[in-house]
Every structure is written in C-alpha cells, then in structure tokens.
Amino acid sequence: MELKEALLKRRSVRKYKDIPVSDEQIDELLHAAMSGPSACNKTPWEFYVVKNGPTLDSVKKSSLFSRFNSSLVIVVCGNTERALPAPITEYWVQDCSAAIENILLRAVDLGLGAVWCGAYPQARVGCNLKECLTLPDSHIPLGIVHIGYPEDTPEPRDQYDPERVHFVI
Ligand SMILES: Cc1cc2nc3c(=O)[nH]c(=O)nc-3n(C[C@H](O)[C@H](O)[C@H](O)COP(=O)(O)O)c2cc1C
C-alpha cells in the first residue's frame, strides 16, 4: 500500500471481528514501532503485548475510554532509565508517540484496524496499568493501542485545512 493511502485510510477503529491477530503480524507491528525516530536515538520505549487472556480485560478497564472488543492491545511505555537526562527527559513522550503512530499506520497496511487510547498524563490510568501489568517504576504507560480486524471501517478522510498553514518568508 502506498504511504499516502495508508495515511488517509488510518482511522480509529473501535469495533473488531473475532479473529486473532497472528504472531507474524504482531512482529511486523513491533518492527514498525521501533523503526520510529527518537531524540538522540535513545529509543526509550517498551512494548507490553497483551493477547486474549486474563490481563486483557483489566488493561481495557484501566481507562474509561478504552473498553473495546479487540483481542490484542499493545501498551506503549516510556522507559525513564533509557530516556535523556533532565531537563529533556520528557522527549520520551514524543519518541513513544512516534512509535504508536507507526503501529497505527502499519496496522492499516496489514489490513488491520487500531485505536490509540491515551494513558499518560492521566495519573489514574497510569496507576491502573502499572498494577495490572506489574510495571517497574521506570516504565510509564503512554498509550493503549487496540488492534484487530475491523468490524467498523470509518471512511478515509483528509482533514487538510489551509488556514492552519502559515508560510513564512
Ligand atoms: C493522545 C491520544 C489519546 C486518545 N485517547 C483515546 C481514548 O482514550 N479513547 C478513544 O476511543 N480514542 C482515543 N483517541 C483517538 C482519537 O479520539 C481519534 O484519533 C480522533 O477522534 C480522530 O479520529 P481518527 O483517529 O479516526 O482520525 C486518542 C488519540 C490520541 C492521539
């Protein structure tokens, strides 16, 4: 698939078919995630892959806005032990966001759907995830990515708005 097509086709999918995502597809998604840019190439990310099982439900319930019927979630965390020192430690947020966007785009490319549900900076969601995934203190959950075969396929759309573009000479 052309990148431009994937960019326009990527929409948040919140209803999934009852078909599992294969281990090969998961591997592709993780390769895409880790090919993203990161400040000073610190790659301060960790990926918790949660397949159908007892933990999946508690991960979904960790946020009020993440209760979808996917059979796979990837919780993307920043690793503060790998992050840059203060005062630019928080670049891990941007690094992990780039990784998530890569997962979303590769999912489209593989014929899958996905939605990014926010965790950080919601303290309560972060605490819930830390508990159900037994995360070490250095792993801070940034987002929960649901992935699966789409039941609902939102229309591709182009949100281009020329008024938001500021050419400067
Ligand atoms: C940081 C971030 C947090 C988000 N959190 C949620 C969420 O908790 N639940 C949800 O259903 N969608 C969530 N979304 C998805 C947005 O609602 C969605 O991207 C937006 O409405 C635009 O729709 P589209 O993705 O179909 O283009 C989040 C997206 C981002 C980037």
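**Helix packing, overall fold and ligand surroundings**

The axes of helix α3 (residues 54–61) and helix α5 (residues 123–133) come within 9 Å of each other and cross at roughly 170 degrees, where axes are lines fitted to C-alpha atoms, for helices over the stretch in contact, and angles run from 0 to 180 degrees between N-to-C directions. The two helices, α3 and α5, are therefore roughly antiparallel, a term used for angles over 145 degrees. Thr55, Ser58 and Val59 of α3 meet Leu129, Cys132 and Leu133 of α5, contact being defined by C-beta atoms, placed from the backbone, that lie within 7 Å. This model is predicted, and local features need pLDDT of at least 70, side-chain atom pairs count only at pLDDT 80 or more, and totals for chains, interfaces and linings use all residues. Residues are numbered from 1 along each chain as its sequence is written.

The chain contains five helices and four strands, which are DSSP runs numbered from the N terminus (helices, H or I, at least four residues; strands, E, at least two), and along the sequence they follow the pattern α-α-β-α-β-α-β-α-β. Along its principal axes, the C-alpha trace of the chain spans about 50 × 40 × 30 Å. Among contacts in the chain between residues at least 6 apart in sequence, 78% join residues at least 24 apart.

Around the ligand lie Arg11, Ser12, Arg14, Ser63, Phe65, Ser66, Val115, Trp116, Cys117, Gly118 and Pro154, each counted if its C-beta atom, placed from the backbone, lies within 6 Å of the ligand.

Conventions:
Contact = placed C-beta atoms within 7 Å. Parallel < 35°, antiparallel > 145°, perpendicular 65-115°, else oblique.
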